[in-house]
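Hi there,

Here is the structure I promised to pass on. Could you open it and keep it beside this message while you read?

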Amino acid sequence: MLDDLPKSLSQGVFQSGKSYPAWVRFSNGNPDPGRPDIKGDARGMAIKLLSSPAEADWQSAAQTTMQDFILISHPVFFAKAPETYVGVHRHLSSDGFWTILAIPFHLGLKGSLIALEMTDKQIANPLYTRYWSEVPFQLGKGQNRKAVKYSTRPCTARANEPPDDSEPGDDYLREAMKTTLDQSASCMEFLVQLRAGDEMSVENSMIEWKEEQAPFIPVARIHFPKQTFDTFAQNTFCENVAFNPWNSLPEHEPLGAMNRMRKVIYERTSKVRREMNSVVPAQ
Ligand code: HEM
């Protein structure tokens, strides 16, 4: 955490000068693992702060988790309410012509445009990308709690255009991170945006909290040491570790309808994932 954090932000893990060990998982939004990186997609960044350094092992990570932060490469979500999201996914699970019509039907014009913009972005390197929490979280407890959103960005702004070769490798994003971290350490800033008016909705996740009205304030730096992360052991860990916005201190508890829905869904899908990977018995 940065030194001299303002008192209004000094809650939970945000304590001047404190540091925490962490795991960070970068992800693609599209469920197809074979999809070439050059096709646009939403990219995720999930951060797990630990109470003590832990092995690259999902049980150790679960036992020492203090706080998860989950961010994605777009400032707003494409669905304003849980019903909208469920409606879209019900159709996504069936193929065909009606799916194409069902998405705009459920999301409406604004949601469809957000979904297009969100999934159309091409990047050069996940470490050079900006991410947002999209949905709000509380800061503090009791009557004085505030609503905030989070963002991360590289400590030094860098060009993030995709490679201009006609055919970059399908996994060029992983390769870009490997090259960067093979050569040197990397750094990102963690920022907090304080809600500054009634028009900044807590429940409607399609409404952007405009930065001109509520600037993002840097509170921490994420230090990625020089490392070799693309090993069998670490990739296995990465498949099984689970992030959930509800892995949270009370001071950072998730807010809003979307987050309420995420609680049960993330718990369930991470369990199914571990069952499919045969690291826990299927029930
Ligand atoms: C009701 C709304 C949402 C639902 C139903 C939903 C559902 C899911 C599910 C099922 C997963 C996989 C979890 C796992 O298997 O461990 C996931 C992961 C993820 N979600 Fe959401 N999500 C929602 C909202 C959001 C929002 C608002 C964001 C914005 C930051 C977001 C960002 C992500 C990211 C980055 C991941 C991957 C995190 C990781 O590395 O584990 N989701 N989501």
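Let me begin with Gln-138. Leaving out neighbours within four places in sequence, Gln-138 is in contact with Arg-145, Lys-146, Tyr-150, Pro-250, Glu-251, His-252, Glu-253 and Leu-255, where contact means heavy atoms within 4.5 Å. Gln-138 sits in strand β5 (residues 137–139). Helices (H or I, at least four residues) and strands (E, at least two) are DSSP runs, numbered from the N terminus. Gln-138 counts as buried because its relative accessibility is 6%; buried means under 20% relative accessible area, exposed over 50% and partly exposed in between, with a 1.4 Å probe and protein chains only. A polar atom of the Gln-138 side chain also lies 2.9 Å from the backbone oxygen of Pro-250.

Before going further, please note that this is a predicted model, in which local features need pLDDT of at least 70 and side-chain atom pairs count only at pLDDT 80 or more, while totals for chains, interfaces and linings use all residues. Residues are numbered from 1 along each chain as its sequence is written, and side-chain values use heavy atoms, with hydrogens and water left out.

Now to the ligand. Of the 22 residues around the ligand, Arg-25, Tyr-85, Arg-262, Tyr-266 and Arg-273 come nearest; a residue is near a molecule if one of its heavy atoms lies within 4 Å of it. Arg-25 has a polar side-chain atom 2.6 Å from an oxygen atom of the ligand, and Arg-273 places a polar side-chain atom 2.6 Å from an oxygen atom of the ligand. The elements that give two or more residues to this shell are β1 (22–28), β2 (43–50), β3 (65–72) and α6 (257–276). Helix α6 supplies the largest share, 8 residues.

Tyr-266 belongs to helix α6.

Stepping back to the whole chain, there are 6 helices and 8 strands, and along the sequence they follow the pattern β-β-α-β-α-α-β-β-β-α-β-β-α-α. The radius of gyration is 19 Å, which agrees with the value near 19 Å for a compact globule of 283 residues; the radius is taken over C-alpha atoms, and the globule rule is 2.2 Å times the number of residues to the power 0.38. The C-alpha atoms fill a box of roughly 55 × 45 × 45 Å along the principal axes. Of the 283 residues, 43% count as buried. Among contacts with a separation of 6 or more, 72% are between residues 24 or more positions apart.

Ile-100 lies in helix α3 (residues 97–120) and counts as exposed because its relative accessibility is 61%. Asp-4, in the segment before β1, has a positive phi of about 55° although it is not a glycine. Glu-134, in the loop between β4 (131–132) and β5, has a positive phi of about 65° and is not a glycine either. Are Asp-4 and Glu-134 buried or exposed? Asp-4 is exposed at 71% relative accessibility, whereas Glu-134 is buried, with a relative accessible area of 6%.

Best wishes

Key. Polar contact = N/O pair within 3.5 Å; in protein donor to acceptor, adjacent residues only side chain to side chain.
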